[in-house]
Amino acid sequence: VTGPRPLHRSIDIAASLDALRPLGHWLQEAAREAGLPEETAAGLDHALHEAVENVVRYAWPDAIGRMIRIDFRCDGTRAEVEVEDDGRPFDPRSVPPPVSPASLESLVPGGYGVAMMRHFTDELLYERDGSVNRLILRRRLTSSMERK
Amino acid sequence: MRIESEELSDGILKVGLYGRMDIAGVDAIAMQFTALTAPVGRRVIVDLSGVDFLASIGVRALLQNARAMSLRGGFMAVCCARPVVTQVLESAGVGNVVTVSADLNAARATLPQA
């Protein structure tokens with residue numbers, strides 16, 4: 001049995017919702033190549049999807065022609081995906097958790113994306129570097145099956 | 001993404017969802033999903049065993065339909081989710097407002113009798 005191994009992959013994608021599905025395939029492929037556990041890969045896939053969807057929808061007044069840089073890194077002990085864009089500053093960690101409704105009838109659905117990013121990562125890191133947003137979704141690879 | 005429905009013997013409708021429930025997936029099934037759950041007093045079990053990816057937009061679709069059903073006197077239960085989809089449901093707090101069960105029989109037991 002071989003465990004996770006070091007790997008670095010990068011991709012630049014158009015800031016388009018149509019890019020989300022191919023991006024998911026790209027991440028799954030990188031995760032397979034790095035030997036990540038299936039559950040870890042699936043969690044990162046979900047977290048990345050939500051992060052990039054947020055960027056596409058909200059980073060610019062109009063995302064047409066914009067690009068997003070994605071880096072996947074694994075050093076054997078942790079795996080992370082970095083999302084870099086030059087849109088308006090946005091730190092997802094500032095978003096409060098969704099409020100639990102008293103009943104289904106009073107529910108206003110929404111706000112689940114950032115909750116998913118938090119759920120599927122061990123660390124959610126953000127920095128604004130000049131005109132660039134840099135978000136890192138990080139998972140530890142030790143004891144990952146028992147982490148949540 | 002595709003959607004299938006099956007009337008169970010006790011008047012409950014089982015709705016099976018299959019595929020990646022992201023933006024494109026939800027677009028593909030949204031109208032049929034809403035139509036299936038629209039009748040007044042409908043009792044529905046949504047079988048998620050075929051869903052391998054559930055984005056936040058998919059969670060929203062599930063909850064919007066569950067809410068609409070509830071307002072029309074109906075009930076929705078969710079069952080059979082794979083581990084990663086179960087985690088999505090947990091992260092969104094779906095279980096606080098909709099019953100989430102491991103299997104079909106358990107979901108059936110949570111719905112009121114006709």
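Guide: A helix crossing is right-handed if the near helix is turned clockwise from the far one by less than a right angle, and left-handed if anticlockwise. This is a predicted model: local features need pLDDT of at least 70, side-chain atom pairs count only at pLDDT 80 or more, and totals for chains, interfaces and linings use all residues. Residues are numbered from 1 along each chain as its sequence is written, chains are lettered from A and ligands numbered from 1 in the order in which they are written, and side-chain values use heavy atoms, leaving out hydrogens and water.

Visitor: What is the crossing of α2(A) and α3(B)?

Guide: Helices are DSSP runs (H or I, at least four residues), as are strands (E, at least two), numbered from the N terminus. Here α2(A) passes α3(B) in a right-handed crossing.

Visitor: At what angle do α2(A) and α3(B) pack?

Guide: Axes are lines fitted to C-alpha atoms, for helices over the stretch in contact, with angles from 0 to 180 degrees between N-to-C directions. α2(A) and α3 of chain B (83–91) pack at about 40°, their axes 10 Å apart.

Visitor: Which residues make the contact?

Guide: Contact means heavy atoms within 4.5 Å. Glu39(A), Ala42(A), Gly43(A) and His46(A) of α2(A) meet Val84(B), Gln87(B) and Val88(B) of α3(B).

Visitor: What is the order of the strands in the open sheet?

Guide: Strands pair if DSSP finds at least two bridges between them. The five strands run β1-β2-β3-β4-β5 in chain B, with mixed pairing. At the edges, β1 (2–7) and β5 (99–101) of chain B each pair on one side only. Neighbouring strands of this sheet are turned by 25° on average, direction ignored. Helix α2 of chain A (38–58) packs on the sheet too, touching β2 (13–21) and β3 of chain B.
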